[in-house]
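Thanks for asking me to look this one over. Here are my notes, point by point, to read alongside the model.

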Amino acid sequence: MKNLNVLIVTTSHDQLGNTGEKTGVWIEELAGPYYEFKDSGASLTIVSTKGGVVPLDPKSELPEWQTEFTKRFFKDEEALEAIKNTKRVDEVDPSEFDILFFPGGHGPMWDLGDNPKVAQLIQAFDQNDRPIGLVCHGVVALKGVQNGNGTPFVKGKRVTSFTNSEEDAVGLSDVVPFLLEDALKDEGVIYRKGDDWSDFVIEDGNLVTGQNPQSSVSAARKTIELTTIIS
């Protein structure tokens, strides 16, 4: 298998609604997939909606949430440099990449969904039948994406995401602009989910979605597997 080129798209949003607290990318959902891709021999490019520094959710940096991947990430100068000065999503050529991947965190709820530039990326990968992986709140990037006939891109597709019950569990159901599970159902998905905080990934064609941070590495691995099937 050829060495893959992977495009990771992150949020640029760092305000947790009107709480006065910070948010951004949940570091495990970036670090886990980052090393799943890198250790497979892939080349990685990280971009964000606005470019510049990728905001990390401060809570995801707390000791209790660290994993082997986050610990490795914070010691990796190349990885840290990659999130200091990202390009914008519209400054890359999608034809140069084999996999598109969206990590989550609460930040994406404010800037990845209903985003025309993000939608164009997703459409470009889909038109070329290239794997699109999304995890947790990163799945919001699918919101507002349309097919050529104007129907929702996700209509009739089997999809998972951070669930309503998980949002309730972290106490942010009244902080996020909408509940992601509900928004996806409104666009006609065949919604699937596992137990709260379980590793749950679902595949539909070239689309791979993971439910929560526990699903991030599995979602990335599945996109890699898909490249061999699709190609």
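1. Helices (H or I, at least four residues) and strands (E, at least two) are DSSP runs, numbered from the N terminus.

2. Please keep in mind that this is a predicted model, in which local features need pLDDT of at least 70 and side-chain atom pairs count only at pLDDT 80 or more, while totals for chains, interfaces and linings use all residues. Residues are numbered from 1 along each chain as its sequence is written, and side-chain values use heavy atoms, with hydrogens and water left out.

3. Now the overall picture. The protein has eight helices and nine strands. Its radius of gyration is 16 Å, close to the 17 Å that the globule rule gives for 231 residues, so the protein is as compact as a globular protein of that length. That radius is taken over C-alpha atoms, and the rule is 2.2 Å times the number of residues to the power 0.38. Along the principal axes, the C-alpha atoms fill a box of roughly 45 × 40 × 30 Å.

4. Of the 231 residues, 54% are buried. With contact meaning heavy atoms within 4.5 Å, residues 24 or more positions apart account for 76% of the contacts with a separation of 6 or more.

5. Which residues of α1 are buried? They are Ile27, Glu28, Glu29, Leu30, Ala31, Gly32, Pro33, Tyr34, Tyr35, Glu36 and Phe37. Because eleven of the twelve residues of α1 are buried, this helix is largely enclosed by the rest of the structure. Its length also checks out: at 1.5 Å a residue, α1 (residues 27–38) should span 16 Å, and its end C-alpha atoms are 16 Å apart. The expected span is 1.5 Å times one less than the number of residues.

6. Val118, Ala119, Leu121, Ile122, Ala124 and Phe125 are buried in α5. These buried residues pack against β1 (5–10), β4 (99–102) and β5. As background, an α-helix has 3.6 residues a turn, so residues three or four places apart point the same way.

7. Do look at Val145, which sits in the loop between β5 and β6. Val145 is buried, with a relative accessible area of 2%. Setting aside neighbours within four places in sequence, Val145 contacts Ala119, Ile122, Gln123, Thr151, Pro152 and Phe153. The C-alpha atoms of Val145 and Asp114 are 7.0 Å apart, although 31 residues separate them along the chain.

8. Two backbone angles deserve a glance. Asp114, in the loop between α4 (108–111) and α5 (116–127), has a positive phi of about 50° although it is not a glycine. At 48% relative accessibility, Asp114 is partly exposed. Cys136, in the loop between β5 (132–135) and β6 (158–159), also has a positive phi, near 60°, but Cys136 is buried at 2% relative accessible area.

9. Finally, Thr223 belongs to helix α8 (residues 216–230). Is Thr223 buried or exposed? At 0% relative accessibility, Thr223 counts as buried. Beyond its neighbours within four places in sequence, Thr223 has contacts that include Phe37, Ile99, Phe101 and Pro131. The C-alpha atoms of Thr223 and Ser40 are separated by 12 Å, with the two residues 183 apart along the chain.

Terms used. Buried < 20%, exposed > 50% of the residue type's maximum accessible area, 1.4 Å probe, protein only.
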